[in-house]
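Subject: Structure for your review

Dear colleague,

Please find below the structure that I would like to hand over to you. My notes on what was found in it follow directly after.

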Amino acid sequence: MTTVLAIDQGTSGTKAVVVGPDGAVLALAEVPVRPAYLPGGRVEQNPQELLDSVLAAGRQAVAQAGRPIDAVTLANQGETVLAWDPLTGRPLTTALVWQDRRAEDVCAELADQADRVAELTGLVLDPYFSAPKMAWIRRNLTSEGVVTTSDTWLIHHLTGEFVTDASTASRSLVLDLDAVDWSPELLRLFKLDGERLPRIVACDEVVGTTRAFGGEIPVGGLIVDQQAALLAEGCLRPGEAKCTYGTGAFLLANTGERAVRSTSGLTTSVAWRARGGTPYCVDGQVYTAASAVRWLGDLGFIGGATDLDAIAAPDSQGALFVPALAGLAAPWWRPDATASFLGMTLSTRPGHLVRAVLEGVAAQVADLAEVVARDLGASLTRLRVDGGLTRSATLMQAQADLAQMPVDVYPSPHATALGAAAMARLAVDPALGLEEAVPAWTPSTTYEPRWTGERAAEFLARWRRGVDAAMDRADLTGSEA
């Protein structure tokens, strides 16, 4: 009977949840963190702020729960990296966030190796992933200490260990996806072959203990954030898929113990390594979801995300939005693409633009669902969803309409933390099976498609022309430069 402190360290905040043996949330604490969005596509975080938020949120949640904690676990951002001193734990650089684009030159220099990189890693050669940012730090900031993803640094502060989990390592561009081990060939390619790298651990492994939250508590169940949500939502079999609507939107589909290499621009990662098995997942990314909603607020169209349904018009009246505010990820991988509104007239009002933004996010997720289906060889039949934006009925209905499938809303806003907690239970209880560790759930709401297939196809065709126009503009701007 395990009570877990599950810490979800994210881009814009850290959430700590105390989860009871039955999966019930017993306590919750949240501490915001503030990424710095800088010119040139640079996104940074203060590492000390990340650590302080983990400690503060965790301690607040434990105090609220008022009961002993049997395990601590951490879900992490995946591709955020920093350099640090392994003797003192002191950060040597800022943390380069997964959205950061400054390593584009590193990737451009390796463009002729892109196919080989994809063959070994299942990923696309892009600064989104860890290794290009690690290489950029080594070239431009410091040759001292170690350079790792943020989870390794945080776990070191909690336990003194130097580890990362298999799912996080698979987001690096230097992991051999089939062997689930660091690739000497890829490390040489990124000029990281002299680096001290963390030990790769199974997700259901106890990696050490911590006294940060009172007493000597085992730490284990480590997993990257999106895969944690995939686990929480019970996507345990091939073809089961979920989408998380956070800062970005992330659609993942379980492919079983087969590391599918996408032919359509998606990426393949380790879903988790547990109970002696290593299921994989394909995933597609929308860089701006909640961040696009915050942008609407900055423009004065809405006061916040809670205003979306009240302000969004019943119909966009032809207004269309391409949500490339931070470039386009899968399946286009065009960081130079920019966002645009199309189809506006003198009658267009803020409510039409708000609806167009929501439909633009839903259209990109629907497009990803089609691409996932091609890689899986079978259409998705349902989409499980979580994240703050699932509270918008307008967005969720648009998602069902455009994807042409039912959308099941996960009943808790804490899917990532609950998935990490399930993995922690596996770490401290060797007798527990994977399905036993994941509590059953019933959707809080299911959205059924209201649009006809013909209407959805027509909308998506028009929206894709908008995406093509955005990439054409980027090509033109690049050639002018």
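In this structure, T210 stands opposite I217 in strand 15. Strand 14 (residues 206–210) and strand 15 (residues 217–220) pair in the antiparallel sense over four bridges; two strands count as paired if DSSP finds at least two bridges between them. Helices (H or I, at least four residues) and strands (E, at least two) are DSSP runs, numbered from the N terminus. Six residues separate strand 14 from strand 15 in this hairpin, and G214 in the turn has a positive phi of about 100°.

Please note that this is a predicted model, in which local features need pLDDT of at least 70 and side-chain atom pairs count only at pLDDT 80 or more, while totals for chains, interfaces and linings use all residues. Residues are numbered from 1 along each chain as its sequence is written, and side-chain values use heavy atoms, with hydrogens and water left out.

The domain records

UniProt, in an unreviewed entry, lists residues 4–231 as "domain: Carbohydrate kinase FGGY N-terminal". UniProt positions are given in the numbering used here, feature names are shortened, and annotations may be inferred rather than shown by experiment. Over residues 4–231 the chain is 31% helix and 29% strand, with the end C-alpha atoms 16 Å apart. The feature "domain: Carbohydrate kinase FGGY C-terminal", also from an unreviewed entry, is placed by UniProt at residues 241–426. Over residues 241–426 the chain is 34% helix and 20% strand, and the end C-alpha atoms are 22 Å apart.

An open sheet is formed by seven strands in the order 19-20-18-17-23-24-25, with mixed pairing. Strand 19 (267–270) and strand 25 (445–447) stand at the edges with a single partner strand each, so one side of each has no neighbour in the sheet. On average, neighbouring strands of this sheet are turned by 25° against each other, direction ignored. Within the sheet, strand 18 (residues 249–256) pairs with strand 20 (residues 280–286) in the antiparallel sense over seven bridges. The bridge partner of A249 in strand 20 is V286. Helix 8 (residues 225–232) packs on the sheet and touches strand 17 (241–245), strand 18, strand 19, strand 20 and strand 23 (383–386); contact means heavy atoms within 4.5 Å. The direction of helix 8 makes about 125° with that of strand 17. Axes are lines fitted to C-alpha atoms, for helices over the stretch in contact, and angles run from 0 to 180 degrees between N-to-C directions.

Helix packing

Two packed helices are described by the angle between their axes and the distance between the axes. The axes of helix 9 (residues 290–298) and helix 11 (residues 350–376) come within 10 Å and cross at roughly 165°. Helix 9 is therefore roughly antiparallel to helix 11 (angles under 35 degrees count as roughly parallel, over 145 as roughly antiparallel, 65 to 115 as roughly perpendicular and the rest as oblique). The contact is made by A292, V293, W295 and L296 of helix 9 and V354, V357 and L358 of helix 11.

Helix 11 also packs with helix 12 (residues 393–403) at an angle of about 40°, their axes being 8 Å apart. Helix 11 and helix 12 are therefore oblique to each other. Among the residues that meet here are R355 and L358 in helix 11 and T394 and L395 in helix 12.

Yours sincerely
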